[in-house]
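Trainee: Could you take me through this model, starting with how its parts touch?

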Amino acid sequence: MARAALALEDGTVYFGESFGATGTTSGEVCFNTSMTGYQEILTDPSYRGQILCMTAPQIGNYGVNDADVESGGLQMAGYVVREASRLASNFTSQGTLGEYLTKAGVIGITGIDTRALVRRLRIRGAMTGVLSSDMLDTAELVAAAKAAPALVGRDLVREVMPDRPRAWTEVLDDLARPLSQPFEGGDLPPPSPITAPKNVVALDYGMKWNIARHLASVGCNVTVLPGRATAAEVLAYKPDGVFLSNGPGDPEMLGYCVETVKGLVGKLPMFGICLGHQLLALACGAKTFKLKFGHRGANQPVMDLATGKVEITSQNHGFAVDEASLPAELEVTHRNLNDGTIEGLRHRLANAASVQYHPEAAAGPHDSAYLFARFRQMMV
Amino acid sequence: MPRRDDLKTILLIGSGPIVIGQACEFDYSGTQACKALREDGYRVVLVNSNPATIMTDPGTADRTYIEPLTWQTLEKVIEVERPDAVLPTLGGQTALNLAMELEKHGVLKKHGVEMIGAKAEAIRRGEDREIFKATMLKIGLETCRGQIVKSLIEAREVLAEIGLPAVIRPSFTLGGSGSGIAYNRDEFDHKVQRGLDLSPVGQVLVEESILGWKEYEMEVMRDVDDNAVVICSIENFDPCGVHTGDSITVAPAMTLTDKQYQRMRDASFAVIRAIGVETGGSNIQFAVDPLTGRMIVIEMNPRVSRSSALASKATGFPIAKIAAKLAVGWRLHELANDITRKTKACFEPSIDYVVVKVPRFAFEKFPEADNRLTTQMKSVGETMAIGRTFKEAFQKALRGLEVGSFGFGNDSKDLWGTAAEPSLDDIRARIATPDPDRVWYLRYAIKAGLSVDEIHEITAIDRWFLDQLQQLVEIESLLRTIGTLAAVDDGTLRMAKQAGFADRQLAVMLDSTELEVRAERKRRGIIATYKSVDTCAAEFEAQTPYFYSTWEHEDETPPKEPGRKRVMILGGGPNRIGQGIEFDYCCCHASFALREMGIESVMVNSNPETVSTDYDTSDMLFFEPLTCEDVLNIADRIEPDGVIVQLGGQTPLNLARALHAAGLPIIGTSVDTIEMAEDREQFRELLDRLGLKQPASGIARTLEQARREVARIGFPSLVRPSFVLGGRAMEICYDHVQFERYVAEAFIVAQGQPVLIDRFLEDAIEVDVDCICDGKDVIVAGVLEHIEEAGVHSGDSACCIPPHSLSPEVITGIKAAATGLAKSLGVIGLMNVQFAVKKETGVDGTSGQAIYVIEVNPRASRTVPFVAKATGMPVAKVAVKVMAGLSLAEQGITADPLPAHVSVKESVFPFVKFAGVDIALGPEMRSTGEVMGVSDRFSIAFAKSQIAAGILLPEQGRIFLSVASTQAKEAMVGLARRLVTLGFELIATSGTARTLTEAGIAVEVVKKLQEGHPNLIDHLIDGRVQLIFNTPRGKGARTDEGRIRAASVLYGVPCITTLPAAEACVLAMEGMRTEPLSVQAIQDRFPEPVAHSG
């Protein structure tokens, strides 16, 4: 098996085996603790510019399929696993993970001590790294890692947002439809054709498709606009509400997006997820900061401060909203139980709310799906 | 909303004796619950009949009742202790059923006791199959098609709808007892009838077969605010059709997509909510059709279960502790995650390793039993292993099983390439039907060239698992091709270690020795590294040192604290018959003792059910197989100042010589002494020197030698292999025919070790002594008189402290002999001696009691916890302190403990799981657990022990008598008279009846089985017989009497198989007439403060 190496900017080098595409790539090295859903994670555009290490050691077991995709392609710079499965075992499978990465041009490495890597990232914080299947000299690798561009200060949204508007109609897969919704909104009657659907513009900064599927499933006509759309362009669609999607990278580099949000807050019911949450906060005058190593996984506990209920959430963010910078009109509605960071905001005056985590799950628990119903109610 | 303040006293119900389906895991959960509740300031009242538990240590609960687990006993405890609440969800099915009984009899209502954790209604919904199905239907979940039936006729109607094969599950039975799959109509009728009989409510579920579907378990927790989390998902390697307790299982689930997993998670929450388990843990089992993904709910346990214990050990999340806290009102997010200390218990563990559990079976003890694995659990223990990959964890688990294999083949048990190599037809047949050996045949199948797809077709085992096995065989082939140690490059060697291959396997493949492989790989820097089990995949720092080995680059074990000693305790591995919870109890006490002495304790064990593998029992925990290599690897890393091998049973003892040779500092009794006690010649010399008697004995390495020895020793003689525990392959031979049969078996089991032959002392009283020696002084902690005569394995017989029939002179003689032996051997720590006391007539014509030494074991015995409970002395702890250098005098222990009351230990057997097996007791141990009865009088203590063991001594009705020898018949006449006085009617077959009639005792004559109907079995079926006294003439399920005894199990009629036990039973029934059973807390029996065990 061909060798591959991963080097970090602090000089650490891990040697393993090449898997997926070959070549050299660089990016911010981060880790995800989700034990299922590698395909959804791979296709999450928010990983643009990152080399992701899965903490779950056996990846690829159930193969890949056309239904479990969250975007039109793989945006990740590199993929790190302890052991990639050569065989795909599931009735849904259409191929192996290795072939999938090869086809998508994502460079992977397998067989390294991923736990050691994760511990290093936890202790030292996120680092830039180089992953290569053809550069195997330690000194060369480290030099390349040190020279690779950092994630902070780059606009990665531009690289993943769609070119043109599109209408979204696909609803949730039956398998992904939450079976029980214990939380607020859980008692909502299922959207019936009689209830007039609401028109929602979803600003796509690298949106996971399951968000749009959720919106469609709660009775929204979704129009997806590229994230660079201006407030006027959005308003021209005369929507009942606007949705701000997730997306990659440093939110403070996205002045043009913030401007759009500023122009829409108070004018339309608004709901944001992840990057969308950060953009809402920035538009209201708050600041964001970079977390030491981010929240990436499917087991992050978040409390809904209004009800005291805890949701287990899917997360993928390296930046967070700085609580000290919050303007008076923003109220914290959700909080992370692990580190106390802000997980949800509500605008006291405008009809706007946002969460830092991923209620659309994919991959992850369905606990927070109620938020889509809540957004639907905001538009009543 | 923190803890509830309206509750002050909480009653916790334990799970009783270890039985198949209910083992140490409930000691683990109960102990955690006691700690958790007391930490919150509640007064905890505990009832459990099992003395071999940590939870019944005097310091664990506030009030501890070692009393029979019946609702009547519990009512008495409730009357005395006035609890505000009862927590029934941590003591297995036993506790749940008892709580339901209390509820049914109005006891809870009468005394104002609230059921916390799960309410009666929720338990009913979870346990009653019909209500459960209806509830599932209501929330849109599928269950198996089928129906509850109350008769065979109804069952046949259901069968017409669902077709064969069909699954039969009786309601409300332990561990799915009586469950099975019927492939034909005959089998169907038989299994339904048996299920109806076994079910306490006379109900059986008949269901469509989901044979071959993928099987999963979800461990779920919920708090009073309806916050719910999944702690762990478990995927069964063996597909549906094998009880999950008998399956190889893997955590986390390996082959579900996120959508499939989340759907199962949603369904789990829907189930726990619909059933209404308010707080705590539940276990929900699912089946998934591999072709369509159709998912059905198999069942749920509205309580902490065996799988919860596994999930706790697999993730580091303390399910039982948290369940107890949730039951008193805490919410998940108000509780800390003990492992990280920074985060909360409200989260879902993420694990960055793979966990494999493998069950351990004991069919060698029940040769007549059907060893096919079905939906009824038959395994007696389990081992768990953690690795970074499935391959690694799988091989570690197979090694941890301690059945002579060191992984997936390539060891002395490997038949491949030998004359016994199975044929392809053989292999196909063996993998088609699950049995304990199927896993080895999967390898043979791959070796024989069957593809993953072909094996999947035959076994329905998921292709992913089969591919993993295939990869192991590929690595094996690669290594065998390389052929020598010198030729293997570093990368390949490391890769093999990472795939879980043991040095011993590598030695086989690379034509080398285990030690050479070890030396060479160490030279190349290929050494084990240890990673933490931290609940969070390294996202947060772990505070709890719970480790497993792998072969990567970073090691997480902490360095040695300067000036602080480290002592390593080797545990007992998976439970098996003869080695179980008693030894785990001793290992836990070692940790407690070391902690009290300020020494860092390091536990090594591979049994997920136990208290010893709880993350806060010791200062460090290594969840590792107990093999020489695995232990040495840990020692290389942590550099212990001492290693304790005498507490974990035979497992660590078997490693002692090799560990000593490798330079490990074994503390306590030396390895030489351990071996000397096993060495017949040296031991005989010692006894001669001390003037002690021993039955004539011999040792044989060959069949020829054995024949010579037995000619010298004479019959009856006892034949057994050396170095095995639990009387494996031990038999009493009365003649040459029997001898020839058993000696051959003994040589097989001995595996190259010699076979021992002893003169068997008939009608002798057997006595066990447990003592502690510090090299200078000896304390005899307990003299245990056995109820059954010598010849019944000491682990199977009932016994009593203090001796109830021995004279003071004999007891003094026994103590003196034990003391002399301990001092002469140089024992440091525990020693167990077995004596036989036999009435003998001397040359001068006077008769007296002769004391024979049967066996000496310089290690902890199975009876140590019972002795501790009976005497109030923490025997194991004292012994460990002695080993660590604190003399008995320094500990202030100067006299033997003298209990003021009588304690009886009774054994509990798994016969109900092995239909048709003869239950007559013999020299091969077959019991799985024990109970204890305590009273001021022997008769009442014995009565309690019987009730606790589930032997319901009748108050009226009919008793069947059948005795073998003339001598016994005479004794039986006396007993019969007393039974008549007690108002019982007697029934016997012609021979015994004649003896009784001649003695003027009225008796009903019943036909022998071969004499036609109605015979005794007909009477059993009709409920006309309440108790059977049947002492064996010959053993075996095919004999008439064997069939009677087997039938007694089937129809739930107690059957006593020895004369002394029959005598004790009569005494007990007489005692119960004069004195109502009362309860007493052990804290009142031993009012002086006893050291806290935690």
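Mentor: Two residues are in contact if their C-beta atoms, placed from the backbone, lie within 7 Å. This is a predicted model, in which local features need pLDDT of at least 70 and side-chain atom pairs count only at pLDDT 80 or more, while totals for chains, interfaces and linings use all residues. Residues are numbered from 1 along each chain as its sequence is written, and chains are lettered from A and ligands numbered from 1 in the order in which they are written.

Trainee: Which element gives the most to the side of chain B that touches chain A?

Mentor: In chain B, 51 residues are in contact with 48 residues of chain A. Helices here are DSSP runs of H or I with at least four residues, strands are runs of E with at least two, and both are numbered from the N terminus. On the chain B side, α9 (258–275) and α16 (463–482) each supply at least two residues, and the element that gives the most, with 12 residues, is α9(B).

Trainee: Where do the buried residues of α7(B) fall, seen down its axis?

Mentor: A residue is buried if 20 or more other C-beta atoms lie within 10 Å of its own, exposed if 12 or fewer, and partly exposed in between, with C-beta atoms placed from the backbone. In helix α7 (residues 152–162) of chain B, the buried residues are B:A155, B:V158 and B:L159. Taking the directions from the helix axis to the C-beta atoms, the buried residues of α7(B) fall within an arc of 105 degrees, so they line one face of the helix.
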